[in-house]
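Welcome, and please take a look at the model below. The notes that follow walk through it section by section.

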Amino acid sequence: MNILYISHAHPAPHDILDNIGGMQRVSEKLLEQLSKDESISIHADVQQTSWNHIVLKTTGFIVQELFSILFKIKKYNADIVVFSSMVTGSLSVALRRFTSVPMVTLSHGHDVTLEVDIYQWLVPKIFKHIDTVISVSEATRQECLNRGLLPEKSVVIPNGCELPEINPSHTTTDAKKELEKRLKCTIGDKKVILTVGRLIKRKGHARFITEVLPKIEHNCFYLIVGGGNEAGNIKELISQYDGEHTIHMAGKLSEELLDLSYRSADVFAMPNVSVPGDLEGFGIVLLEANSYGIPTVATKIEGI
């Protein structure tokens with residue numbers, strides 16, 4: 001089978017930490033696994049970019065694909081076109097009248113519910129012209145159905161994650177001591193609560209700090225991993241916090257330090273809040289935490 005794979009958002013090689021989210025991880029891993037299948041010949045057209053430039057570069061990427069994708073379908077004798085998200089899936093609207101090759105898109109959540117008028121006008125048209133939509137959760141599928149996707153075109157395939165190699169001789173205590181050295185912080189004998197994700201409103205960091213953390217009776221070390229446009233607001237909240245718990249913003253971390261953070265955690269928290277137009281389609285970090293054997297606590301909303 002010949003697959004033409006189109007994705008607009010893979011991390012740039014020179015700044016690997018700047019564009020890693022659930023959608024990007026899924027796309028990278030899907031492409032990696034498809035490439036290992038000897039029965040598949042995959043031809044990938046992938047844009048590498050960062051969050052800072054993603055809107056501008058994606059617009060250019062879509063325009064470029066509009067003028068070249070038909071040529072690529074013929075060149076690679078594609079049996080199917082796979083789009084990594086609804087954003088690139090929008091190309092199906094222009095393509096359908098020129099090709100009968102099946103087109104499939106993944107849908108992750110925010111790429112369905114994004115509150116931009118022209119985009120929401122386009123979404124039902126994508127559903128009309130695409131052959132199949134693979135949603136990562138039932139919540140995401142329902143948002144697709146609400147916008148006109150026919151049930152027979154819809155399927156749910158939940159995300160998965162790779163299991164880490166865990167050395168049983170390395171304890172959580174050992175990991176905490178190493179993390180203290182690497183992050184230059186003091187954990188001591190405190191329980192570590194870990195949150196991993198972009199610092200945006202729907203991730204709920206602010207609510208957790210102001211409304212949840214003060215109610216926790218054990219002395220805790222709250223470790224926040226990730227970067228985003230809410231970083232300034234969260235730093236301000238931390239500066240005003242006068243509780244007994246310690247809050248540490250680690251920013252973006254390498255895979256090695258992220259692994260160490262998971263190994264240090266006693267509890268993983270995903271305290272999301274509902275934000276109109278910004279759906280949490282799945283929450284792949286919950287799987288990552290579970291893969292380390294960490295108990296998780298999360299808000300019962302949306303794809304979570």
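Let's start at N77, which is exposed at a relative accessible area of 54%; here buried means under 20% relative accessible area, exposed over 50%, and partly exposed in between, with a 1.4 Å probe and protein chains only. You will find N77 in the loop between α2 (54-75) and β3 (80-83). Helices (H or I, at least four residues) and strands (E, at least two) are DSSP runs, numbered from the N terminus. The phi of N77 is near 50°, a positive value in a residue other than glycine.

K184 has a positive phi too, about 55°, although K184 is not a glycine. This lysine belongs to the loop between α8 and β7, and its relative accessible area of 75% makes K184 exposed.

## About the model

This is a predicted model, in which local features need pLDDT of at least 70 and side-chain atom pairs count only at pLDDT 80 or more, while totals for chains, interfaces and linings use all residues. Residues are numbered from 1 along each chain as its sequence is written, and side-chain values use heavy atoms, with hydrogens and water left out.

## The five-stranded sheet

Now to the sheet. Five strands form an open sheet in the order β9-β8-β7-β10-β11, with parallel pairing; two strands pair if DSSP finds at least two bridges between them. At the edges are β9 and β11 (296-298), each of which pairs on one side only. On average, neighbouring strands of this sheet are turned by 25° against each other, direction ignored.

Which strand does β7 join through two bridges? That strand is β10 (residues 267-270), and the two run parallel. Within this pairing, L194 has F268 as its bridge partner in β10. Five of the six residues of β7 are buried, so β7 is largely enclosed by the rest of the structure.

How many of the six residues of strand β8 (residues 220-225) are buried? Six of the six are, so β8 is largely enclosed by the rest of the structure.

Strand β7 (residues 191-196) pairs with β8 in the parallel sense over six bridges. To get from β7 to β8, the chain passes through helix α9 (residues 205-212), and this β-α-β crossover is right-handed, meaning that with the strands pointing away from the viewer, the path from the first strand over the helix to the second runs clockwise. Along the pairing, V192 stands opposite F221 in β8, L194 has L223 as its bridge partner, and T195 has I224.

Strand β9 (residues 246-251) is joined to β8 by five bridges, and the two run parallel. The chain crosses from β8 to β9 through helix α10 (residues 231-240), again in a right-handed β-α-β crossover. In β9, M249 is the bridge partner of I224.

## Cysteines

A search of the whole structure finds zero disulfides, a disulfide being a pair of cysteine sulfur atoms within 2.5 Å. In general terms, a disulfide is a covalent bond between the sulfur atoms of two cysteines.

C220 counts as buried at 3% relative accessibility, and C144 is buried with a relative accessible area of 0%.

## Helix α8 against helix α11

Helix α8 (residues 172-183) and helix α11 (residues 255-264) have axes that come within 8 Å and cross at roughly 135°. That angle makes α8 oblique to α11: angles under 35 degrees count as roughly parallel, over 145 as roughly antiparallel, 65 to 115 as roughly perpendicular and the rest as oblique. Axes are lines fitted to C-alpha atoms, for helices over the stretch in contact, and angles run from 0 to 180 degrees between N-to-C directions.
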